[in-house]
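Please keep the sequence and the structure in view while reading.

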Amino acid sequence: MTRRHIIILLGFAVVAASLAWLVEGRFKWVTPTGTLGDAGPGISGKAPATTGRIIYYRDPDGRPAYSSTPKKTSAGKDYLPVRASEDVSFEEKPPAGAAKRGGERRVRFYRHPMGLPDTSPVPKKDEMGMDYIPVYEDEAENGATITISPGKLQKTGVRSEPVQRRTLSVPVRATGRIDFDPRRISIVSLRFEGFIESVGKFAEGDYVRKGQTLMRVYGPNLSSAAAEYVAVLNMRRGGGIDAQRLEGAKRRLVNLGLDESAIAVIGRARSVPRVIAWPAPQDGHVLERAATNGMRAAPGDMLFRIVDHSLVWVLADIAERDIALIQPGQKVDVRPRAYPDRAFKGQVALIYPHLNMETRTARVRIELPNPDGLLRGEMYADVEIAAGGNEKVLTAPESAVIDTGKRQVAIVDKGEGRFEPREVKIGRRGEGFVEIKSGVSENERVVTAANFLIDAESNLKAALRALDQGEAGK
């Protein structure tokens with residue numbers, strides 16, 4: 001290196017020293033006092049050191065495994081200690097330095113985070129390292145109202161629905177038996193001593209219509225009465241008989257069982273028939289047939305039994321506790337065992353005035369149309385009566401009522417995270433709803449999910465309030 005090069009290097013050094021002196025005079029340089037490892041968390045990225053005693057040990061790989069004593073994993077790794085200063089509180093904390101709305105809130109006391117009856121006038125941690133929860137003065141304005149943060153509401157899944165008026169149908173279920181309506185059954189018999197000349201081609205189960213000839217009958221008394229009626233008619237033709245005698249002769253035929261159509265046939269013929277065609281008294285099926293050709297029939301003998309089952313009865317036995325719910329006129333769904341997938345619609349006609357002493361049940365008569373003739377006597381059927389009436393009542397979902405046995409409680413959602421437990425009086429239940437007789441008003445919202453958690457919080461608050469009052473009175 002030549003002398004010229006040495007002079008140039010010294011010049012550069014002098015210039016650099018001058019610039020350094022100028023910069024040091026313009027800015028204030030701060031020299032770090034520690035090593036890189038001692039830098040704050042904002043520089044090194046390390047979390048602040050934990051303090052306090054070790055509460056438990058957790059899995060080093062983040063798995064949900066814990067131990068109260070030192071332990072190793074199956075891979076030989078040591079469990080990591082968790083100290084008391086680490087945050088294990090589930091309560092939501094406001095951000096540091098956040099301003100309070102409406103002024104500073106004053107803390108009355110601090111309560112135990114796990115609900116134990118222990119309070120403190122100053123901030124404190126429990127034996128697990130959890131912070132005591134502050135109770136503010138504005139929370140005591142309404143002792144029954146509790147406030148829950150929006151975050152906790154979302155975590156617990158609180159839901160509410162309005163209280164509304166609706167028709168509450170309470171289904172009463174029972175087993176019934178199908179029977180024929182005795183008012184639709186006719187028995188064919190004679191009122192005189194007679195003989196059956198011939199019987200129509202009808203057998204048990206056949207359908208007959210009103211007026212069809214069932215049989216042809218001869219009777220001495222019937223022939224005598226018919227002859228008298230014909231004689232009166234013939235005498236009247238000559239003008240020598242009065243209307244009263246004619247009416248008497250006709251009344252004798254009516255008393256022997258002849259109908260108007262048979263008497264009219266005799267009147268038109270003006271002769272006494274040897275046999276009388278006996279008609280069917282109504283439409284229906286032949287339930288029984290005892291008449292045969294040539295038989296002798298005494299007065300009152302049952303010759304035919306005809307039943308009209310276009311409308312049948314269902315006799316159901318209702319439990320004694322459900323009698324107050326049943327009223328005549330209520331709608332009924334009947335499902336015969338023979339047709340379980342089909343429901344027949346009927347209504348309650350009568351509640352019998354006595355109980356069965358052995359089963360403690362009351363019999364209910366249900367009238368059921370049977371236009372297709374599918375319902376037969378002695379069938380068993382499942383009955384469901386829509387009890388409760390047609391009037392609208394105040395109702396809430398069944399899940400909204402907490403029934404403790406001695407009292408019933410509903411949690412009213414007052415909005416903005418505020419809830420108020422109220423004691424209610426309930427009535428009938430049905431279709432997932434319960435009748436509310438008192439305690440809440442229409443359109444008020446009641447909690448239907450997670451209401452047990454809110455009720456527990458309310459009971460805890462009431463216990464702490466009583467404890468606080470007791471300490472204040474000392």
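Helices and strands are here DSSP runs, a helix having at least four residues (H or I) and a strand at least two (E), and both are numbered from the N terminus. On that basis, the secondary structure of this predicted model comprises seven helices and 29 strands.

The chain has 474 residues, of which 31% are buried; a residue counts as buried when its relative accessible area is under 20%. As for contacts between residues at least 6 apart in sequence, 70% of them join residues at least 24 apart.

Rolling a probe the size of a water molecule over the atoms shows where empty space is left.

Which residues line the largest cavity? The lining consists of Val 217, Tyr 218, Gly 219, Leu 222, Ser 223, Ala 226, Pro 273, Arg 274, Val 275 and Ile 276. Two elements, strand 14 (213–218) and helix 4 (220–237), each give two or more residues to this lining. Helix 4 provides the largest share, three residues.

In terms of residue class, the lining of the largest cavity holds seven nonpolar, two polar and one charged residues. Gly is counted among the polar residues in this classification, and Tyr among the nonpolar ones.

Notes: Residues numbered from 1 in each chain as written. Predicted model: local features only at pLDDT ≥ 70, side-chain atom pairs only at ≥ 80, totals over all residues. Heavy atoms only, no water. 1 Å grid on protein atoms, 1.4 Å probe; cavity = no way out; pocket = protein on both sides within 12 Å on 5 of 7 lines; lining within 4 Å. Buried < 20%, exposed > 50% of the residue type's maximum accessible area, 1.4 Å probe, protein only. Contact = heavy atoms within 4.5 Å.
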